[in-house]
Amino acid sequence: MSATISFSAQLINLFAALILLLAFAMLAQRRVMQLINLFAYQGLALCLSTLVVAVSTGQTHLYWSAGLTLLLKALLLPWILHRLVRRLQVKWDVESLINIPTTMLVGIGLVIVAFNVAHPISELSSTITRGTLAIALAVVMLAFLMMITRTKAIPQVVGFLAMENGLFLAATSATYGMPMVVELGIALDVLVGAIILGVFFFQIREQFDSLDIRHMERLKDN
Amino acid sequence: MISISGLIGQIFAIALALLLAPVLSGWVGQCRAWFQNRTAPPLLQPYYMLHKLFHKDVVLAHGASSLFRSAPFVVFGCMVLACAIIPALSTDLPLAPAADALALVGVFGLARVFISLAAMDVGTSFGTLGGRREMLVGFLAEPALLMVIFTLAMIAQSTSVTTIVETLAHREFLVFPSLAFAGIAFTMVSLAENARVPVDNPATHLELTMIHEAMILEYSGRHLALIEWAASLKLYAYSCLGLALFFPWGIAEGERFSGLLLAIPMLVLKLAIGGFLLAGIETINAKLRIFRAPEFLGTAFMLAVLGLLVRLMLEGSA
Amino acid sequence: MDFFVLMLAIPLVSGALLTVFGERAWAPNLNIIASLGTFLAAAGLTAEIVANGPRFAFGEQFFIDSLNVFFVALTAFVGLTTSIFSGPYMKNEAAHGRLTIPRLRLYKSMYQLFMFTMLMALTTNNLGILWVAMEAATLTTVLLVSLYRTSASLEAAWKYFILCGVGIAQALFGTILLYFAAERVLGETGNALLWTHLVEVKGELEPTVMALSFIFLLVGYGTKVGLAPLHNWLPDAHAEGPTPVSAVLSGLLLNVALYAILRCKVLADGAIHGDYAGNLMMGFGLATLLMAAFFLSRQKDVKRMFAYSSIEHMGLITFAFGMGGAVANFAGLLHMTMHSLTKSAIFFAVGHATQKTGTQLMENIRGLIRINPLIGWGLMLGTLAILGMPPFGVFASEFMILTHAMKHHPWATPVLLTALGVAFAAIFGKVQPMVFGETEAKRLPHAPAITPVFLHLGIVLMLGVYIPPYLTRWFHEAARMLG
């Protein structure tokens, strides 16, 4: 019965739910700055949930991943993005096109799909955090949705990074974290990717005078 | 079997609701004034209002039908009934079997239908506009409220409010993520249903934005008094429901009279904090454009659905 | 010194060196010398594996067996010829003012790092590191694709990054699920992502988890292979990047991504009894093949058209591996080799042709045979080879795939034949007037490197006529490993 789930598991569930909620909030957010802040909060929630897993299972390498998450996803990347937004002066870039309620409904649909897909796996899991796998998948799918529906470059990248968050949640929740080498490699890739994208923003703006991806529809097949 | 203490408790609960509801409205108004650096009206201001209105003559519009005249009584009756079946003080109430959460939503819905019909009855443009907007808000708020209730009902495995409250008061879970979702959704629905900022503003009569006030423009005298009282009862009912569902500590169970006595100060305290927070929410939020209200309620609905899903996934009984 | 360590160290060190000294006059030579060194080391490693059998390196973190050593040799070889080709090509680009010196430096260092990430992806034993290396390969090529900094190339690079980012994220989810399944069998050791350990217990892995995991891995790495429906990045990246990059993308990166899928398929097959993984791959492969074939005829840009041709061939290869069994796997491996060699040769020829005519639009490229008979013939022969004309090697592998499909999956034959027919008509119809026909020419400031084109085509021709027995043995062993 659910009553037997321990306190730490409940905390992890709470953080996972929070991450999901933040994913939805990001989907609904129209302003770029707020979006980045939400992303930072998501990173923080991710770090805390990892920390709880680390404390309750005694896996020492998880402390490292939690620290890495905090440093990279809650502090460094949001900071870089903030700086970029200010340097590029797209602070007041407001998304105009998308119909947010519809996106939300699609998002709920995705969550249901994710839960259904992950259900058989959660049944198998013996870790204390089994339910979170479904949430992780849902977060990945929501981030995916965000990348599809957004027309500006920065929100797309935030979506990409949020997807990474979901994957990380999956890694800690389903398996108590991947081996340290792999996690370091992933973190490095994310960081390098973000930096390359930062450079990219400037080039895109130079060429298109805007960070609106809708300008980039020249390459087509016909 | 209806026990004597249960019967006393029931009568006591209704009386308390009737008495406390205007005070709660007054308290919220007072807090708002403080937040906004205004001189606060007295706590008992709503009583003075009611007293004044009850002593005034009723002026009826020419085209008003009997529906217009009976609506205030129906609405008031609905709210009293709602307050009676919500276990604000004790779960041991004779009306408890009737306290089905779905029935409760129905009672609120009945009141809404009557007041909207009455608003349209006279045929003024404001009344019709208000009635339409009220139905729009209700149409969006009700599913969200139902979803919240389903989430709770899944935890308690019953739709009876008393059972839900009893289960939640004894839960072993300390943190229900689903409850957090449901709680936020419930708060949003309550704001909309009680014509509060950010959906409506009870303190304004600006034509373009008002919902609730537009509907009752044609009422006067004791009719208006009843409607105002019903409105504060509604706020009281929602507050009590919220407190009972999400903060069920201190509610008396069983037949002991002492429990009941302890429950009253607890309830007053909780209501005071709740009212304070409500005033805070109203102060820091701007009123939404009326066309954004569906989005607000849509978010509430989404949160409620998420709560339900999270309940299924994370806290599933497997 | 160990051949393996050398093979990984040379591109890494030279990549770092080129980052610093990439603007010196000798830098292009260093690029070629480093590629040559990598190739020699890879050749030495291959000889070692052929002689002594599979080996580990750095504990159990790297593992080289007959399957991946074959890819390693191919990668190092095409890497070498492409670096030879890119020497004069990039000088011409710089002379035309399309590239500046710092961009050339970026190109050379990223090229070496790209080789490094691919070799790492091929030789690692750790499926997590495999993912990391694939992602790193994406990042380096993003910079390569956007080298011209034109709006079109930026758009292509952006699309490439976002689409592959999404795809690779799916692959990571698949990897996590795989780890999750493995951990239940192997326990919480660091070994649970090591392929050699996984393959020993593949029968005990949870089938439900593995099924889901394989879907994610297939879709994820499939994005990089160019499988439909997430193939959109591929034509853009090929058309807008520098031609040497198109050559290594088509010739190597797609192979590496497919290799990742193959490794995972072995595990999925072991866990799930039945043809689940194979059927999925056959479905994706056929859809990709068909889609690409019909898009081919609509292309106007020559590099774009050959990019679609790469998608088509990847579809065919995926289909072949999906069928499974010794013969189909053999054919698949052979076709991968043939396609890599032929397609990179074609891109070399196309690169010179576009430089000569100053356009990538096929309707403006005419009479290559007059401008430069060697380039004209190179493109013509390469096209004939890639279309599967005998006696080139592609014919042999396509023939094997077709006959095997007819025997075991007759329903797929009409689809395969239609797609190959459509592709033939489209490509041949467009290349023929490009090669023959009237034109006015201009001279290039640097003489093009023709050797790589004919070297590749020569090997393809040779393999079409005669496959040396040791190569057959090698292919057979690799095919057997794939089950």
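Keep in mind as you look around that the model is predicted.

Let us begin with empty space. Rolling a probe the size of a water molecule over the atoms shows where empty space is left. Here, a search of the whole structure turns up twelve cavities of 30 Å³ or more, and the largest cavity has a volume of about 100 Å³. To find the largest cavity, turn to chain A, where its lining includes A:Ser65, A:Leu72, A:Phe168, A:Glu183 and A:Val190. Two elements of chain A, helix H3 (60–88) and helix H7 (180–208), each give two or more residues to this lining. H3(A) gives the most, with five residues. By class, six of the lining residues are nonpolar, two are polar and two are charged.

Next come the aromatic rings. A pair of aromatic rings is described by the distance of the centres and the angle of the planes. Over all chains, the search finds 32 aromatic pairs. One of them joins C:Phe295 and C:Tyr308, which are stacked at 5.4 Å centre to centre with 10° between the planes. C:Phe295 belongs to helix H11 (residues 276–296) of chain C and C:Tyr308 to helix H12 (residues 302–323) of chain C, so this pair ties together parts 13 residues apart in sequence. C:Phe295 counts as partly exposed, at 22% relative accessibility, while C:Tyr308 counts as buried, at 0%. Elsewhere in chain C, ring pairs link C:Phe70, C:Phe71, C:Tyr259, C:Phe330, C:Trp474 and C:Phe475 into a cluster.

Rings also meet charges in chain C. The charged end of C:Arg98 sits over the ring of C:Tyr148, 4.2 Å from its centre, and C:Arg263 lies over the face of C:Trp195, at 4.2 Å from the ring centre.

Finally, look at the charged pairs. Side chains of opposite charge can pair when their charged atoms come close. The structure holds 14 salt bridges over all chains. Among them is the one between B:Arg196 and B:Glu282, at 2.9 Å from N to O. B:Arg196 lies in the loop between helix H7 (177–193) and helix H8 (212–215) of chain B, and B:Glu282 in helix H10 (residues 257–284) of chain B, so the bridge ties together parts 86 residues apart in sequence. Both B:Arg196 and B:Glu282 are buried. Chain B also has a network of salt bridges linking B:Arg112, B:Glu142, B:Glu193 and B:Lys234.

Back in chain C, C:Arg304 and C:Asp236 meet in a salt bridge at 2.7 Å, N to O. This pair links helix H12 with helix H9 (residues 233–240), 68 residues apart, and both C:Arg304 and C:Asp236 are buried.

Definitions and conventions
Residues are numbered from 1 along each chain as its sequence is written. Chains are lettered from A and ligands numbered from 1 in the order in which they are written. This is a predicted model: local features need pLDDT of at least 70, side-chain atom pairs count only at pLDDT 80 or more; totals for chains, interfaces and linings use all residues. Side-chain values use heavy atoms; hydrogens and water are left out. On a 1 Å grid over the protein atoms alone, a cavity is a set of points where a 1.4 Å probe fits but cannot get out, and a pocket is an open set with protein on both sides within 12 Å along at least five of seven lines; lining residues have an atom within 4 Å of a point. Grid points are joined across faces, edges and corners, and a volume is the space filled by probe spheres set on the points. Helices (H or I, at least four residues) and strands (E, at least two) are DSSP runs, numbered from the N terminus. Ala, Val, Leu, Ile, Met, Phe, Trp, Tyr, Cys and Pro count as nonpolar, Asp, Glu, Lys and Arg as charged, and the others, Gly among them, as polar. Rings of Phe, Tyr and Trp (its six-membered ring) pair if their centres lie within 6.5 Å; planes under 30 degrees apart count as stacked, over 60 as edge-to-face and the rest as tilted. Buried means under 20% relative accessible area, exposed over 50%, partly exposed in between (1.4 Å probe, protein chains only). A charge sits over a ring if NZ of Lys or CZ of Arg is within 6 Å of the ring centre and within 35 degrees of the ring normal. A salt bridge is a side-chain nitrogen of Lys or Arg within 4 Å of a carboxyl oxygen of Asp or Glu.
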